[in-house]
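Subject: Structure for your review

Dear colleague,

Please find below the structure that I am handing over to you.

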Amino acid sequence: MDRCLRFPLEIGNRWTFIRIYFIDRIYHYFSYFSSLANYTEFTIILFPDARNVYWSNRIIFFARPFTFFIMWELELIPVYLLLSMWGGKRRLYSATKFILYTAGGSIFFLIGVLGMGLYGSNEPGLDLERLINQSYPATLEILLYFGFLIAYAVKLPIIPLHTWLPDTHGEAHYSTCMLLAGILLKMGAYGLIRINMELLPHAHYLFSPWLVIIGAIQIIYAASTSLGQRNFKKRIAYSSVSHMGFIIIGIGSITNIGLNGAILQILSHGFIGATLFFLAGTASDRMRLVYLEELGGISIPMPKIFTMFSSFSMASLALPGMSGFVAELVVFFGLITSPKFLLMPKTLITFVMAIGMILTPIYLLSMLRQMFNGYKLFNVPNANFVDSGPRELFILICIFLPVIGIGIYPDFVLSLSIDRVEALLSNYYPK
């Protein structure tokens, strides 16, 4: 009996030792770029069983930019493997394009991180507390900002560095598409806020008008391009590119409302975009078709998929009462109330954003009409389409609930970010 009880404990202790030893080796390897700091409390959160390890305070350097870069690079490996091994017919082309774009952008990220860590100190370090208070010469800050911006423009993506995304979504399995739309794209927005906006405020204040202009162009361009896509997975991919434009505008507005709207859009699109790819994948797996002209009439044999696809499409086109509407509306108000811009530019950008919001229901509703209405597939002989099962419905409902919840009561999310956003914007508008 004692041995039976002791065996799991021994395994747990060994696993704890392996985890701590492995991370400590990583720490020693990158210790040149990371200054020592006491992160014991955060260590206990990640590794509760490492409380008594004398060097456990070294484990936590994950909040530092260099570690963010390491994680930024490591996530490329599984996505590349998933795309190249389980993608469509042109999966190798798409996987190669994906890795070339993202790895190429990471070079600028690495140069920026090393430049921040090596500047202005006898001991190189990337502790965020030091970097927040660090000032740079104007030219160096602009160069650092531009380098980071290129990396984030690939990941987010921002036009014209977006062309890898539709090809990747068009060939990837829907599970890989969900990872891309729900998590990976948001890393670019997070870096733009966390590093460019917080650590390089003067350069961000200079570049913010260009971000707003590019964001507005991106909304119109991607929405117009999405309307011409025959592959419905690529249509959803361009829809994601269009929605990223609202995030860029919210970040570029440099207002409390606008930045909170950008954060809300990050979360909202993470739910909606990933679920649309999930529904597109489940539908294409059943039909073995992805081109809209070949589809039609599947709402009768698959009513559950039709209902959920329509519901999340409504959320994506910013139907009132859903999270997409609240996020885009908050970004609108953030831009309008921004003291950074004059009235005429704000009016013009708002008008362009409104056109983008009009184009969104056009390409989404036309996609729904081509996929689910008519009698093309319904009259195919020996057609055997299976509707969503309990597991798929459970996943869809679990994601749909926060979409509705945020749309009805957005303060549930905004209350978590508003204090941090005010602290960040104090660098721009000191009291």
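**Cysteines and salt bridges**

The count of disulfides in this structure comes to 0. Please keep in mind that the model is a predicted one. Cys177 is buried, and its relative accessible area is 0%. Cys398, by contrast, counts as partly exposed, at 37% relative accessibility.

I turn next to the charged side chains. How many salt bridges does the structure hold? There are 7 salt bridges in the structure, and I describe several of them here.

One of them pairs Arg420 with Glu198, whose closest N and O atoms are 2.3 Å apart. Glu198 counts as buried because its relative accessibility is 5%, and buried means under 20%.

A second salt bridge is formed by the side chains of Glu293 and Arg230, at 2.4 Å from N to O. Both residues are found in loops: Glu293 in the loop between α12 (256–287) and α13 (303–316), and Arg230 in the loop between α10 (201–227) and α11 (232–252). The pair therefore ties together parts that are 63 residues apart in sequence. Glu293 counts as partly exposed at 35% relative accessibility, and Arg230 is likewise partly exposed, with a relative accessible area of 47%.

A further salt bridge joins Glu392 and Arg286, with the closest N and O atoms 2.9 Å apart. Here the partners sit in two helices, Glu392 in α16 (residues 390–408) and Arg286 in α12, so the contact ties together parts that are 106 residues apart in sequence. Glu392 has a relative accessibility of 18% and counts as buried, while Arg286, at 22%, counts as partly exposed. The cut-off for buried is under 20%, which means that Glu392 and Arg286 fall into separate classes.

Yours sincerely,
A colleague

Definitions and conventions
Residues numbered from 1 in each chain as written. Predicted model: local features only at pLDDT ≥ 70, side-chain atom pairs only at ≥ 80, totals over all residues. Heavy atoms only, no water. Salt bridge = Lys/Arg side-chain N within 4 Å of Asp/Glu carboxyl O. Buried < 20%, exposed > 50% of the residue type's maximum accessible area, 1.4 Å probe, protein only. Helix = DSSP H or I, 4+ residues; strand = E, 2+ residues; numbered from the N terminus. Disulfide = S-S within 2.5 Å.
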